[in-house]
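Please keep the structure open as you read.

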Amino acid sequence: MAAQNLQHANSHVSKTIKQLEQRLGCRLLNRTTRSLSLTPEGEVYFQECQDLIESAENALNLLNQNPTDPKGILKISSPIGFTQSHLSGILTHFCQQYPNIQLEMNLSDTHVDMIAEGYDIVIRASQELQDSNLICRKIHQSDIVTLASTHYLAKRGTPFHPNELSQHDCLCYSNIKRPTDWEYQDKHGNPIKVSVRQKTLSNNSQAQLTMAEQGLGIIRIPEFYLATLPKPHTLVPLFEDYPKPSVNVYVMYPSRKHLSPKVRCFINVLTERLALTD
């Protein structure tokens, strides 16, 4: 197949591969009478060559594109709640400003492998940003609030101190390292760590919010999710006299690639429009 695609004889391709193996000092292919397969060294060499070709193609695209009129598909992953509360208008504005870009959106709280899944941009909310080879730029900050419905509180009573949460049903979020460890501060700034009783464990904050409003338990969630609730709603904040922890929202993109015009334009629009609304 390779010989056919290259329009060369099989013997020529075989000879070229053997010369390459001699130059590299390792075997790239496992050869049998019936099949060929890559050796572990061949897999590594193939992947690195693919990355080099991709980088070269990206560089050519940068040179060939008009930086003020970017084109192509922009693939983005973003949390559902933050997209609904802060990004919907920005996305509309971006599409109107750059009509030759097509947005491909994955709205989910779930962690994605940006490189393996081919995303141009990932937006994530996090208290603890993990070490990464990605460029991470803070674009927003939100308080974390603890909420319960009036129906739940009428049935189970209202907790007035975070330590009382251990006696309540709590709706926990699985996309963090310690879902059942809820951290607060007292009025003097001293840490309070509560091991809560898990009623549900979910990777989707939107689903948790709905269950909390239906009276299933107490939820702890970034405040920007409240913009997605219907009005009026039954959720009320708890521990209003205690300092609120916060969560940062980051826009992330690969550091090993050239920053394409479509990514640069999106980041510029995102940061400018968020600065106007914050």
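## Charges over rings

Lys 187 lies over the face of Tyr 242, at 5.7 Å from the ring centre. In a second case, the charged end of Lys 75 sits over the ring of Tyr 119, 4.6 Å from its centre. Here a charge sits over a ring if NZ of Lys or CZ of Arg is within 6 Å of the ring centre and within 35 degrees of the ring normal.

A word on the source: this is a predicted model, in which local features need pLDDT of at least 70 and side-chain atom pairs count only at pLDDT 80 or more, while totals for chains, interfaces and linings use all residues. Residues are numbered from 1 along each chain as its sequence is written, and side-chain values use heavy atoms, with hydrogens and water left out.

## Aromatic pairs

The whole structure holds six aromatic pairs. Rings of Phe, Tyr and Trp (its six-membered ring) pair if their centres lie within 6.5 Å; planes under 30 degrees apart count as stacked, over 60 as edge-to-face and the rest as tilted. Phe 94 and Tyr 98 make a tilted pair, because their ring centres are 5.2 Å apart and their planes meet at 45 degrees. Phe 224 and Tyr 225 are stacked, at 5.0 Å centre to centre and 25 degrees between the planes.

Ring pairs also link Phe 82, Phe 224 and Tyr 225 into a cluster. Both Phe 224 and Tyr 225 are buried, that is, under 20% relative accessible area with a 1.4 Å probe and protein chains only (exposed is over 50%, partly exposed in between).

Helices (H or I, at least four residues) and strands (E, at least two) are DSSP runs, numbered from the N terminus. In strand E7 (residues 169-173), five of five residues are buried. Asp 169, Leu 171 and Tyr 173 cover one side, and Cys 170 and Cys 172 the other.

Strands pair if DSSP finds at least two bridges between them. E7 runs parallel to strand E10 (residues 197-202) over five bridges, with Cys 170 partnered by Gln 198.

Within E10 lies Thr 200, which counts as buried because its relative accessibility is 16%. Beyond neighbours within four places in sequence, Thr 200 is in contact (heavy atoms within 4.5 Å) with Cys 170, Leu 171, Cys 172, Met 211 and Leu 216.
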